[in-house]
Amino acid sequence: MAISKKGIDYYPRDVGMMRDRKFNKARQKFGYLVYVIYDALLEMIYGDKGYYIVYNDRTRDEVIWELQDYCRGKYSVDETTICDVIEMLTECGLFSGDCFKQGIITSRRIQEVYYRTTVERKNVVVSRDIWLLGVEEMRGISSKSSILQCIEDRESMGRGTEDEGSDKEQNREDKGEKGTDKGQSKKEENKVNESKVYEMKKEKAAVDSDIKKAYRECFKQILEPGSKDEGLIKEWLCKYDRELICQALRITGERGKSFMAYTEGILKKWKSEGVEDYLDYLFKE
């Protein structure tokens, strides 16, 4: 079974990049080294995950050692200098400061390149926690990307639930169902809370399009409504993060497995390791 590709094979380099004013402060302190490290980080990012690299306590040394290989020559570059260059590049806006605080090196430009390059790919999954491009921005680049379709589907589901709740509340107001005394207000508040809980449970129990895509990618067949597999996935949704389920299915497919028990084993293993959501999974790598 073919392995789902994450990285990209090429990336564009802007003419005049070395004259970008964002480099000025870092260049004044570290000279040409800032360009070497910046280019090396781009190559590492695009060649691996495609739009980011994990840079935290567990991976920092590995990233710095790999950068030292890029810088290897007549004069060696120490780890502290490389670390300082990365931090200054982030400070100058060449990488996202918010993502850097989370232990992630990425930027809007990096993600735009990744988005453009993967437009023709199917079932490309990104983490919304570190994805920086907005819907309108992506739509302006291309409306064919599976990244855009996935994010639009999620936002549509969120708006639908919110709008439905607002309509119900408005109906109550129109019909005079809101009480004026404290007891009645409390009762209505409880009803609203119960309704929200019900909607959340119903949404969580649903098997959404992302999981169906991951299932099809793994088993090369559609997820039949009412099937044993659909029932099992609904049970998983009550215990595991939806994006983790998608990732576990993809790993099952990449390793040539063809049974749901293997996927469930992956999910249980992650849970025992304290991996609760997709971002935990990213940091675990």
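This is a dialogue on how to read some features of a predicted model.

Colleague: How many helices and strands does the chain have, and what share of its residues counts as buried?

Modeller: The secondary structure of this predicted chain comes to 14 helices and two strands, and of its 285 residues 42% count as buried. The chain exposes about 16400 Å², with carbon and sulfur atoms supplying 48% of that area.

Colleague: Which residues have the most contacts inside the largest nonpolar core?

Modeller: The general idea is that nonpolar side chains tend to be buried together in soluble globular proteins. In this structure the largest nonpolar core has 80 residues, and those with the most contacts inside it are I37, L89 and W131; helix α2 gives the most to this core, with 11 residues. Leaving aside residues up to four places away in sequence, L89 touches F23, A26, V34, I37, Y38, L94 and F95.

Colleague: How should I read the packing of α2 against α4, and at what angle do their axes cross?

Modeller: The general idea for a helix is that residues three or four places apart point the same way, because an α-helix has 3.6 residues a turn. Here the axes of α2 (residues 33-47) and α4 (residues 79-91) come within 10 Å and cross at roughly 80 degrees; angles of 65 to 115 degrees count as roughly perpendicular, and the two helices are therefore roughly perpendicular to each other. On the α2 side the contact is made by L33, V34, I37, Y38 and L41, and on the α4 side by T81, I82, V85, I86 and L89. By class, this contact has nine nonpolar residues, one polar residue and no charged residues.

Colleague: Is helix α10 mostly covered or mostly open, and which of its residues are buried?

Modeller: Helix α10, which spans residues 209-219, is mostly covered, since eight of its 11 residues are buried. Those buried residues are D210, I211, K213, A214, Y215, E217, C218 and F219, and just after the helix K220 takes a positive phi of about 60 degrees.

Colleague: Why does D210 count as buried, and what does D210 touch?

Modeller: Buried means under 20% relative accessible area, and D210, which is found in helix α10, counts as buried because its relative accessibility is 9%. With residues up to four places away in sequence not counted, D210 touches C150, R154, R242 and C246. D210 and V125 are 85 residues apart in sequence, yet their C-alpha atoms are 8.7 Å apart in space.

Key
Residues numbered from 1 in each chain as written. Predicted model: local features only at pLDDT ≥ 70, side-chain atom pairs only at ≥ 80, totals over all residues. Heavy atoms only, no water. Buried < 20%, exposed > 50% of the residue type's maximum accessible area, 1.4 Å probe, protein only. Helix = DSSP H or I, 4+ residues; strand = E, 2+ residues; numbered from the N terminus. Axes fitted to C-alpha atoms, helices over the stretch in contact; angles between N-to-C directions. Parallel < 35°, antiparallel > 145°, perpendicular 65-115°, else oblique. Contact = heavy atoms within 4.5 Å. Nonpolar A, V, L, I, M, F, W, Y, C, P; charged D, E, K, R; others polar. Areas by Shrake-Rupley, 256 points an atom, 1.4 Å probe, with all protein chains shown as cover. Core = buried A, V, L, I, M, F, W, Y, C linked by side-chain atoms within 4.5 Å.
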